Amino acid sequence: MDDKNWMMEALKHLSRIGRTGQDGSNRLAFTKEDAEARAYFKGLMTESGLAVREDAFGNIIGRLEGSEPGLAAVATGSHLDTVPNGGHYDGMAGCAASLAAVRSLRRRGTLRRPLEVIVFQMEESSRFSLATFGSKVMAGKADLDLARRAKDKEGISLPDAMRAQGYDFEALPRAGRKKGELACFVEMHIEQSPILEEKGLPVGIVTAIAAPIRSRVEITGKASHSGSTVMNNRLDALVTAADLVLAVRAVGNRFSRREIVATVGNLVVRPGAMNVVPGGAELWIDLRGTSREAMDEAQAAILKAAEGLAAKHGMPVVFHPLGADDPVRMTPGIVDLMGEASRDLRIPSTPIVSGAGHDTMNMAALGEVGMIFVRNRDGLSHHHEEYAAPEDLMSGLDLLTETLYRLAMRAEGS
Ligand SMILES: [Zn+2]
């Protein structure tokens, strides 16, 4: 079997682990289904000639030595955990492609640098509300105090869930890797947006991973009788909220050329009765971008609009920040190398931005980074009907393999 078909077989096998009634997969982190997928994949790694180990969090690392001692490794990989009733490509496609690529490079002969295939634990935030946590642990960026208190819906804490699978939460600081161990990390992943589909292209070369600034906004008006309160004597919090929703969209539109998107994804109205003028409204704003400067400017524009609306409607509009992350640029040298490889292989590609977060953004703290996106149908992801065509996955695999080869033959750098 060639490496492409080998990859498709591995994906087919993984899709059966934690299978749901709707033909999705349920493999939340640190569950028995997750453990089954991990055990299967470790077996594939060993059978492919890799030396396999796990760190304290359960990140799996399979390594193939290179010919020149002392050179830092070229790493690739993704994750095997899923959202509840998730699809069969988000994460798995990158894992299966990584190992298929290393198998084919191993047959090509010894490379200068070591290769590593990494399967990150708990990429999805579904169980403990902690996203890309395995790579955060590896990069030494994890908030362990927050994680120690994290609980799932059943009230099981992360330390207890880890213990049930044989891992020790208190050992996590030892899982951090040193700078200089890894020259770079590259990840293949399905796109999760429909841009490649719209452009008719099988793969994209990621230039940046966007990050969010999130806020919860409280608007306080005055609840009153909808029949007896005359129109010019109202403090209607929903009307102010409605204006703010439009203002957020207007800012998103105004900054869209600078790769900003802005969304009000949730709105709660109080008391929420048909015959009461709304006395309170709460809404959540998610603003994302690829440059912190543009994000800060857009956020300032939203705050200014909110201030104006508070004055216009005569009620307080209060912002509670929920956190701001920095966007991550992919390493220009790797973006260029991937572009050249795609031209040499005659695989049409386009530069693309990732709106979703990935483990790669944390790995940027340890070395150079790059990502390949594979077209996925309707941009549908985190859903049991998620789909990527075999030909596109194979194009992604070819590009990943060539990228890893060129990176592993580089002499310069750490
Ligand atoms: Zn993913």
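This is a predicted model: local features need pLDDT of at least 70, side-chain atom pairs count only at pLDDT 80 or more; totals for chains, interfaces and linings use all residues.
1. The largest nonpolar core has 92 residues, and the members that touch the most others in it are A93, A97, C184 and I372. Helix α3, residues 92-108, supplies the largest share of this core, namely 10 residues. As general background, nonpolar side chains in soluble globular proteins tend to be buried together.

2. For I372, one of the members of the largest core that touch the most others, the contacts can be listed once neighbours within four places in sequence are left aside: M188, V203, I205, M338, G396, L399 and L400. Another core lies apart from the largest one and has 23 residues, among them V248, V251, A262 and M315.

3. Helix α3 packs against helix α12, residues 390-409, at an angle of about 50°, and the two axes are 9 Å apart. Angles under 35 degrees would count as roughly parallel and those of 65 to 115 as roughly perpendicular, and α3 and α12 are therefore oblique to each other. The crossing of these two helices, α3 and α12, is right-handed.

4. On the α3 side of this packing stand A93, A97, A100, A101, S104 and L105, and they meet L393, G396, L397, L400, T401, L404 and Y405 of α12. Sorted by class, the contact of α3 with α12 holds 10 nonpolar and 3 polar residues, with no charged residues.

5. The crossing of α1 and α12 is right-handed. From α1 the contact takes K4, M7 and M8, and from α12 it takes P390, L393, M394 and L397. By class, the residues in the contact of α1 with α12 divide into 6 nonpolar and 1 charged, with no polar residues.

6. Two residues other than glycine have a positive phi and deserve a look at the backbone. T132 has phi near 40° and is placed in the loop between β4 (115-120) and α4 (133-138); because 23 C-beta neighbours fall inside 10 Å, T132 counts as buried. H382 has phi near 55° and is found in the loop between β15 (368-374) and α12; with 17 other C-beta atoms within 10 Å, H382 is partly exposed, since a residue needs 20 or more to count as buried.

7. The peptide bond from R270 to P271 is cis, with omega near 0°. P271 is found in the loop between β9 (261-270) and β10 (276-277).

8. R329 has its place in strand β13, residues 328-329. It is 123 residues away from V206 along the chain, and the C-alpha atoms of R329 and V206 are separated by 8.8 Å. R329 has 16 C-beta neighbours inside 10 Å and therefore counts as partly exposed.

Methods
Residues are numbered from 1 along each chain as its sequence is written. A nonpolar core is a set of buried Ala, Val, Leu, Ile, Met, Phe, Trp, Tyr and Cys residues joined through C-beta atoms within 7 Å. A residue is buried if 20 or more other C-beta atoms lie within 10 Å of its own, exposed if 12 or fewer, and partly exposed in between; C-beta atoms are placed from the backbone. Helices (H or I, at least four residues) and strands (E, at least two) are DSSP runs, numbered from the N terminus. Two residues are in contact if their C-beta atoms, placed from the backbone, lie within 7 Å. Axes are lines fitted to C-alpha atoms, for helices over the stretch in contact, and angles run from 0 to 180 degrees between N-to-C directions. Angles under 35 degrees count as roughly parallel, over 145 as roughly antiparallel, 65 to 115 as roughly perpendicular and the rest as oblique. A crossing is left-handed if the near helix is turned anticlockwise from the far one by less than a right angle, and right-handed if clockwise. Ala, Val, Leu, Ile, Met, Phe, Trp, Tyr, Cys and Pro count as nonpolar, Asp, Glu, Lys and Arg as charged, and the others, Gly among them, as polar.
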